[in-house]
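Open the structure in your viewer and keep the selection tool at hand.

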Amino acid sequence: VQSFLAMGPPFLGAPKCIRTVLTGDSMGLEVFLTAQESVLMAQHSSSLPWLYPVQPDLYPEKFIRFNASQVHLILPGRSRDIGAEDRYVVESFKNMLHVFARRSEGYLRKYYEENDLFLGNYKLGMEQKEGKDEEEQELFDDPRYRMVCRQPVVVQPPPVQRIWVLNGINRQTEVSYFCKIDDKKKPLLDGAADKYSNKPTASVNPLGMLIEGGVMYETASTFQPAYNVNKSGDGTVTYCSLNFAEHWAQQPGGPHVFTTEIDDAEHREMLANEAIHNVIADYCCELKLPSVESCLEANTGKVEKESRKSVRM
């Protein structure tokens, strides 16, 4: 395989899957699914953990903040924070899976974390080998080995020469969640956090991001520290996940990466977007025009020196 075309790629997963498995997402099927049914469907999906976010340090925000006055009710050993109804503590989404979605946690562990071809502790056999010869030691010390081969396979570049990335950007995209529990100790999005929307607050909303209905969104004005730009994702996949291939391009011996960003192209609707079609045609098609010399000679008998041109469709 020489080239790989990735459209709206969730290279680092999508935080939206966390909400889906905790509180449900009918995915436009509200006529057929109740909220509880959508939760059950998500928690019984063994493929959903494939999209759980990885490389959290590249995201602009933490994935989960839990109401500080309730965290002691779900996590053993935590003390109650009196009067903390409007405060939140950062929690690992894996802790949330352990408490609220044990089946999905099991799928994540069995099929992904324990899989050396996905999230397992991938190592070359020689990494633990004693008495490496000179050639093996040279490979072991190579920056590419340190940067790539010691990372999980899922975040390593595919074995191709070129990667073409086509995605939408600058749509309001879910990146983080404020949670609490109801009387039955079921997880809910905490709409009380909305009062912190667009207000930089150290422990709650450090970047002053948009918060609606307990969901924190990145927008076109959100600073992306991993890329040093102000942009957002495609409405489903966050910007840092869509553009992770750029990190591969910077690695020694990495693939050539060509990224095209279409403003306001939505993730699920991108194939109905005319601009997307035009870019795909531009990638795939090339129409050769007759040379300028032959045109001039046919029409006027005069030949002028002109380079051959082509028009990309």
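**Aromatic pairs**

Select F63 and F93: both residues are buried. The model you are looking at is predicted. Now show the two rings. Their centres are 6.1 Å apart and their planes stand at 75 degrees; planes over 60 degrees apart count as edge-to-face, so the pair of F63 and F93 is edge-to-face. Colour the chain by secondary structure next. F63 sits in the loop between helix 2 (35-43) and strand 2 (64-67), while F93 belongs to helix 4 (residues 93-100), so the pair ties together parts that are 30 residues apart in sequence.

Move on to Y88 and F178. These two also make an edge-to-face aromatic pair, with 5.0 Å from centre to centre and 75 degrees between the planes. Are Y88 and F178 buried or exposed? Both are buried.

How many aromatic pairs does a search of the whole structure find? It finds eleven.

**Two loop residues**

Select N198, in the loop between strand 6 (187-189) and strand 7 (210-212). N198 is not a glycine, yet its phi is positive, at about 60 degrees. N198 is exposed, with a relative accessible area of 51%.

Finish at D264, in the loop between strand 11 (256-263) and helix 10 (274-284). D264, again a residue other than glycine, has a positive phi near 70 degrees. Its relative accessible area is 44%, and D264 is partly exposed.

Methods: Residues numbered from 1 in each chain as written. Predicted model: local features only at pLDDT ≥ 70, side-chain atom pairs only at ≥ 80, totals over all residues. Heavy atoms only, no water. Phe/Tyr/Trp six-rings, centres within 6.5 Å; stacked < 30°, edge-to-face > 60°. Helix = DSSP H or I, 4+ residues; strand = E, 2+ residues; numbered from the N terminus. Buried < 20%, exposed > 50% of the residue type's maximum accessible area, 1.4 Å probe, protein only.
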